[in-house]
Amino acid sequence: MKSWTGRVDGTSPEHLRWHQAVAPYEPGVDPGACVFVGFASDEGVRRNKGRPGAADGPDALRRALSPMALPAPVRAFDAGTIAVTDQRLEDGQRRIGDTVTALLDAGAFPIVLGGGHEVAFGTYLGLAGAECASGAIIGILNLDAHFDLRSDQVPSSGTPFRQILESGADVRYAVLGISQPANTTILFDTADRFGVRYLLDDDCTAERAETFVADFLADIDLLYLTIDLDVLPAAVAPGVSAPAAFGVALPIVQAVCDQVAASGKLVVADVAELNPGLDIDNRTARTAARLLHRLVTRRVFQK
């Protein structure tokens, strides 16, 4: 718990910050709580020929979230970090999947702190294996500049959603923030072949983003939200493997988080591609922490 530290103004509810609310997770301690779990990996980014460093993302996210003030007490726990070592990405994805399944079956709301976007396949495995997913239509909403539908033979941060869609499960996939210059024509063709819904970054006005998400939510039972921080403009999120030249404005991304948090369908989320070594003044980490803060508090207090 060394990453959960910060200023203490008092211990009463009106003084609380995140680091005062988060406790070590033990199975069965508090059904319904938010549980953070780290996925320290940049093996997928390395395989995808990106800039490594995302393995340091989980602790950077914890440090950035720690001092933020809570509007009211929340039930929050930390289940530690699963680290990918010796380039054994597939093993790490299975382990994070098993952890997410156990948390969901215990009634928790898991938030996975990445790590490269290879985390997405592991998070999905966790949801697909959970009791709540039996017979349900799973929707994956990806906030991302990239489709991550590559056909590479070796799994990487560029392949997770193709792996999911090729698994044969009843899964719907939508991407908000797609950058045309960052995706080849073959990737757009692949998206069309799999029936992927997408909204280009050029088209991400507040109104169109809200409608896009609402239409997607209407067709699914359970939602998995995955946020690749390169969906944001480079000035807002410089600390990622592939900074966006254009991106989606932060207020719109935050509004999407509000929308899905209030939907009643959000069951698991993750954040990917934070690379602290490339960050400027912790700008990306703080932005990501703000989105996590918003997601959890809106989900809790709008129920």
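In which hand of crossing does helix 4 pass helix 5? The crossing is right-handed, a term used when the near helix is turned clockwise from the far one by less than a right angle.

This is a predicted model, in which local features need pLDDT of at least 70 and side-chain atom pairs count only at pLDDT 80 or more, while totals for chains, interfaces and linings use all residues. Residues are numbered from 1 along each chain as its sequence is written, and side-chain values use heavy atoms, leaving out hydrogens and water.

Two packed helices are described by the angle between their axes and the distance between the axes. Here the axes of helix 4 (residues 89-105) and helix 5 (residues 119-128) come within 7 Å and cross at roughly 40°. The two helices are therefore oblique to each other; angles under 35 degrees count as roughly parallel, over 145 as roughly antiparallel, 65 to 115 as roughly perpendicular and the rest as oblique.

Contact means heavy atoms within 4.5 Å. Helix 4 contributes Gln93, Ile96, Gly97, Val100, Thr101 and Leu104, and helix 5 contributes Phe121, Gly122, Thr123, Leu125, Gly126 and Leu127.

Let us turn to burial. Buried means under 20% relative accessible area, exposed over 50%, and partly exposed in between, with a 1.4 Å probe and protein chains only. Helix 5 is mostly covered, with eight of its ten residues buried, including Phe121 and Tyr124. In helix 4, the buried residues include Leu89, Gly92 and Leu103. Just after helix 4, Gly107 has a positive phi of about 90°.

Conventions. Axes fitted to C-alpha atoms, helices over the stretch in contact; angles between N-to-C directions. Helix = DSSP H or I, 4+ residues; strand = E, 2+ residues; numbered from the N terminus.
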